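Here are some numbered remarks on the structure, written for someone reading it alongside the sequence. Please keep the structure in view while going through them.

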Amino acid sequence: MKRTTVKIDDSLDARMRHEAARRGMTVSEWTREAIAAHLPGGQHQDDAAPRRVFRSAGAGDSGRSDISERMEELLAGLAEGRDILAEEEGTSRRRLSA
């Protein structure tokens with residue numbers, strides 16, 4: 001392995017160290033991973049660009065499979081100020097009108 005020095009400002013250094021710690025990695029490991037992700041011809045030679053990871057994917061997952069089929073019913077309930085799903089779960093809430 002070769003040692004390389006990179007100069008970065010204090011705020012970028014703090015963000016980098018925070019992210020490395022959050023992932024349970026050393027700063028060196030995190031830096032190598034970040035550089036490799038932005039260079040072509042890495043582990044995934046057929047990829048033209050690095051793949052982004054969207055941490056928000058699945059954030060709105062309700063765990064229900066019937067939402068799309070019931071959209072009209074649910075929207076009609078909201079127009080009346082009712083949350084039909086909450087009523088079904090026993091946590092009925094009235095919508096505040098604007």
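1. Helix H1 (10-22) and helix H2 each supply at least two residues of the lining of the second largest pocket. Which of the helices gives the most to this lining? It is H2, with eight residues. The model examined here is a predicted one.

2. The volume of the second largest pocket is about 610 Å³. Its lining has 19 residues, and those closest to the centre of the pocket are Thr4, Val6, Ser28, Thr31 and Ile35. Sorted by class, the lining of this pocket holds eleven nonpolar residues, four polar ones and four charged ones. As background, empty space left between atoms shows up when a probe the size of a water molecule is rolled over them.

3. For the chain as a whole, the secondary structure consists of four helices and zero strands. Read from the N terminus, the order of elements is α-α-α-α.

4. How much of the chain is buried? Of its 98 residues, 10% are buried. The accessible surface of the chain is about 9000 Å², and carbon and sulfur atoms account for 53% of that surface. Among contacts in the chain with a separation of 6 or more, 15% are between residues 24 or more positions apart.

5. Glu19 is a residue of helix H1. Is Glu19 buried or exposed? Its relative accessible area is 15%, and Glu19 therefore counts as buried, the limit for that label being under 20%. The side chain of Glu19 makes a polar contact of 2.6 Å with the side chain of Arg22. Another polar contact, of 2.8 Å, links the Glu19 side chain to the side chain of Arg23.

6. Why is Arg70 put in the buried class? The reason is a relative accessible area of 15%, since buried means under 20%. The side chain of Arg70 is joined to that of Glu73 by a polar contact of 3.0 Å.

7. What does Arg70 touch, leaving aside its neighbours within four places in sequence? Its contacts are Arg64, Ile84, Leu85 and Glu88. One of these, Glu88, has its place in helix H4, which covers residues 84-89.

8. Glu88 has a relative accessibility of 44%, so Glu88 counts as partly exposed; that class lies between the 20% limit for buried and the 50% limit for exposed. With residues up to four places away in sequence not counted, Glu88 touches Arg64 and Arg70. Arg64 is also listed among the contacts of Arg70.

Definitions and conventions: Residues are numbered from 1 along each chain as its sequence is written. This is a predicted model: local features need pLDDT of at least 70, side-chain atom pairs count only at pLDDT 80 or more; totals for chains, interfaces and linings use all residues. Side-chain values use heavy atoms; hydrogens and water are left out. Buried means under 20% relative accessible area, exposed over 50%, partly exposed in between (1.4 Å probe, protein chains only). A polar contact is a pair of N or O atoms within 3.5 Å; within protein, one must be able to donate a hydrogen and the other to accept it, and residues adjacent in sequence count only if both atoms are side-chain atoms. Contact means heavy atoms within 4.5 Å. Accessible areas come from the Shrake-Rupley method with a 1.4 Å probe; for residues, only the protein chains shown count as cover. On a 1 Å grid over the protein atoms alone, a cavity is a set of points where a 1.4 Å probe fits but cannot get out, and a pocket is an open set with protein on both sides within 12 Å along at least five of seven lines; lining residues have an atom within 4 Å of a point. Grid points are joined across faces, edges and corners, and a volume is the space filled by probe spheres set on the points. Ala, Val, Leu, Ile, Met, Phe, Trp, Tyr, Cys and Pro count as nonpolar, Asp, Glu, Lys and Arg as charged, and the others, Gly among them, as polar.
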